[in-house]
Amino acid sequence: MKIAFVGTYAPRRCGIGSFSQNLFESIRNLASSEASENLVIAINDPDNVYTYPQEVKFVIEQENHDSYLKAADFINNNGVDVCIVQHEFGIFGGQNGVFILSLLHNLSIPVITTFHTVLKKPSYNESMILKEIVRTAQKVVVMANKAVSMLQDVYDVPLEKIHMIPHGVPGIRYDKTEVRQQLGLEDKSVLLTFGFIGRNKGIETAISALSAVVKKYPNTVYIILGKTHPNVVKHAGEEYRLFLHRLVKKLNLEDHVIFLNQYASQDDLFKYLGASDIYLTPYLHEAQITSGTLSYAVGVGSAVISTPYWHAVELLAGGRGRLFNFNDNDELSNLLIDLLAHPEKLEAMRHHATEYGKGITWAKTGNEYYKLANYLVDNTPKLIIKKDPALDLNILPPLRFDHIERLTDSTGIFQHATYGIPNYNEGYCLDDNARALLMMLMAYKRTKSEKTIRCIAIYLGYINYAQNSDGSFRNFMGFNRIFLDEVSSEDAFGRAIWALGYAIAHSPIDAYYQIARQLFFNAMPQFEKLQSIRSIANTIIGLYYYLQDNPTDEGMIELIRKLAIRLHDAYQIHREEGWHWYESLLAYDNGLLPLAMFYAVEITADKRFEETAFESMAFLESHTLTKGHLSLIGNQNWYRQTDKPSTFSQQPIDAMAMVLLYLQAYNYCGETRYLNLLYTSFMWFLGENDLRISLYDFETHGCCDGLQPDGVNRNQGAESTIAYIISYLAVQYTFEKPYGKFIENGDRTNDIRKAVIS
């Protein structure tokens, strides 16, 4: 059995790095012949380079997303049977360590993930990421029973997926008398705290408690062993350590507090543990589910006093230690004085800790991991078949308009949001009110809701107010209801025409139909003046829907033909071997262009348009759907013909265009392959994307604004949420009678009927 270990790794100085190395070595010692092939994938923090031992075969650069994908390929291609991942939010790149999801989703072998942190009150991102890690892993490991219950209660993890394996402890022991002589502590009562220093460690509580202790036991010393945590140094320098030094001086404890500002080797660490009388962890908060330092102290049989954080409450039960309240230096003083006055109490604590420690050696912990890995190898297919969620109607959240209502007032829909609330500073725009009109008209067809009728009036009213006397439109309006421009972009014009054409075909009441028709015809003189290919494409779609209500209007049919020829001509100008597109770059709203050609061929039956539609759609597919999920062209730099595609920033409006493109392709030819591509494209919103995290916010019922290089843009503007809902409605139509057949358990047969929006 060949195992890949993923995590930070020595000589990187962090607790998980030591844990990873100890776990690797313990399994290597268990099965030396097999384990010789085991390998480590180490995580490098920014701006640091390490000389790793030979077992490290691949290095992930923490903030480089591509290196996570390459690591997955490396693991898959090197005969690895199972992967063990150490997880802590801060060691992986992207927002809250989101990049680890890309690695996990691309592995084709079983995964065991160890959670070093389990948060009781996670942020939205933290919760989503942890749940997705659980979904991709076959087993998850925690190091405390409290963590087991938290995973169940907070994250809905099934109990059968969770294993509790205690933190391992090295088998290093030193004779107390010898090490005290070596360290010059023969006649001292020694208190010890070790590990990275930071404000959450509460060391000031222990120092304050020491004043009363040394009055009664003047030979007492308190050793603080460890460097300041690198993240603390980066953001606050040595401010906390200097604060502790000043406190020591203020309390006249210079002869009783020893600061050892060093990263201790494992041997030195156990020497100090062996020399100490009492080990202290005076942490300030309960929310620590795993403490490696506490495990070490209990494991070697130290007498431990601690505040009641989660791991301490569990580990020090059964007489293995004593607890005092957070920030209570008086209680700690009394406890220390009592224990120093009664050595038999200290000895009893050491005895209970020593007995417990016999069961948490690294040899035993490593054996538990090894057995779990063996079980997965024996009981999991070599290739992990991940269920394609794109085929399961049951994964769709309910259709909700909460966020749309939040963004809409009596004037229109606000174009931007700050997280989940409207950003009034940015006002309104024609683009989003046109999209919102289209969305609500589609929603009315499905829900017949009075709310949608009210919203249709608002968005239609904005478009009416925005139209100029020559039929063009203004776009941006401030919160004060004053327009900020005279004429909109051609793209915004085209989106308004699409929405108005759809309103002519599908208005729920005649009054809306009449105003939509009036606005549409007012704008018609502008149609043939358009130059932007996306505006032309939007206008073709608007004309298509107009013709659903007026199928014999030869003038409009001819106008569609003229506009489609211009789109086709642009395609022919730029088309060459290996580049089948309408311009020299793949930019934004790409699916819109072949979508318009499908609409045009349906009206005109022109085979040139059909060939262009299918060929350009295939080209777009070859650049966005080769990874098993939708990987959109990013708006960061787009994809220029002579350059590489931009991975980020990916926008919801582009995913919507792909959903509508594949729906229309299926409508046109009936091939179920396009339905599958439609579902795959929609699942981009729900986490089947390059970062493997949902853009749909299950709390606000809005959609985040895009995939950024470091994670999700949590702002939830109108464009993004509208794009999600329109895509959602398109998917719903494919499942509903008479459009499609509802299939249980996520299976879809070949007898799905033709799905249409019109």
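Biologist: Which residues does leucine 151 touch, not counting residues up to four places away in sequence?

Modeller: This is a predicted model, so read each contact as part of a prediction. Leucine 151 touches Phe115, Val118, Leu130, Val140, Val142, Asp156, Val157 and Ile162, with residues up to four places away in sequence left out.

Biologist: Which residues touch the most other members of the largest nonpolar core?

Modeller: A nonpolar core is a set of buried nonpolar residues joined through side-chain atoms within 4.5 Å. Here the largest one has 182 residues, and Leu151, Phe473 and Phe682 touch the most other members. Helix α28, residues 718-735, gives this core its largest share, 12 residues. There is also a second, separate core of 57 residues; among its members are Leu23, Ala31, Val179 and Ile223.

Biologist: What share of the residues in the protein is buried?

Modeller: Buried residues make up 60% of the 758 residues. The protein has 28 helices and 19 strands. Its C-alpha atoms fill a box of roughly 105 × 60 × 45 Å along the principal axes. Now take contacts between residues at least 6 apart in sequence: 69% of them join residues at least 24 apart.

Biologist: Is threonine 361 buried or exposed?

Modeller: The cut-off for buried is under 20% relative accessible area. Threonine 361 has 19% relative accessibility, so it counts as buried. Threonine 361 sits in the loop between α15 (343-357) and α16 (362-379). Leaving out residues up to four places away in sequence, threonine 361 touches Gly168 and Val169.

Biologist: Next, helix pairs. At what angle do α8 and α14 pack?

Modeller: Two packed helices are described by the angle between their axes and the distance between the axes. Helix α8 (residues 203-216) and helix α14 (residues 329-341) pack at about 40 degrees, with axes 8 Å apart. That angle makes α8 oblique to α14. The crossing of α8 and α14 is right-handed.

Biologist: Which residues of α8 and α14 meet?

Modeller: From α8 come Thr205, Ala206, Ser208, Ala209, Ala212, Val213 and Lys216; from α14 come Asn329, Leu332, Ser333, Leu336, Ile337 and Leu340. Sorted by type, the contact of α8 with α14 has eight nonpolar, four polar and one charged residue.

Biologist: And α23 with α25: is that crossing left-handed or right-handed?

Modeller: Start with the angle again. Helix α23 (residues 554-574) and helix α25 (residues 607-624) pack at about 50 degrees, with axes 10 Å apart. That makes α23 oblique to α25. Their crossing is left-handed. Arg561, Ala564, Ile565, His568, Tyr571 and Gln572 in α23 meet Arg608, Phe609, Thr612, Glu615 and Ser616 in α25. The residues of this contact divide into four nonpolar, four polar and three charged.

Biologist: Now the backbone. Where is a cis peptide bond found?

Modeller: Most residues other than glycine have a negative phi, and most peptide bonds are trans. Here a cis bond joins alanine 10 and proline 11, with omega about 15 degrees. Proline 11 lies in the loop between β1 (3-7) and α1 (15-30). The bond from phenylalanine 648 to serine 649 is also cis, with omega near 5 degrees. Serine 649 lies in the loop between β17 (639-640) and α26 (652-669).

Biologist: What phi does asparagine 327 have?

Modeller: Asparagine 327 has a positive phi of about 60 degrees, although it is not a glycine. It lies in the loop between β13 (321-323) and α14. At 48% relative accessibility, asparagine 327 counts as partly exposed. Histidine 701, not a glycine, has a positive phi of about 65 degrees. Its loop runs between α27 (672-682) and β18 (706-708). At 12% relative accessibility, histidine 701 counts as buried.

Conventions
Residues are numbered from 1 along each chain as its sequence is written. This is a predicted model: local features need pLDDT of at least 70, side-chain atom pairs count only at pLDDT 80 or more; totals for chains, interfaces and linings use all residues. Side-chain values use heavy atoms; hydrogens and water are left out. Axes are lines fitted to C-alpha atoms, for helices over the stretch in contact, and angles run from 0 to 180 degrees between N-to-C directions. Helices (H or I, at least four residues) and strands (E, at least two) are DSSP runs, numbered from the N terminus. Angles under 35 degrees count as roughly parallel, over 145 as roughly antiparallel, 65 to 115 as roughly perpendicular and the rest as oblique. A crossing is left-handed if the near helix is turned anticlockwise from the far one by less than a right angle, and right-handed if clockwise. Contact means heavy atoms within 4.5 Å. Ala, Val, Leu, Ile, Met, Phe, Trp, Tyr, Cys and Pro count as nonpolar, Asp, Glu, Lys and Arg as charged, and the others, Gly among them, as polar. Buried means under 20% relative accessible area, exposed over 50%, partly exposed in between (1.4 Å probe, protein chains only).
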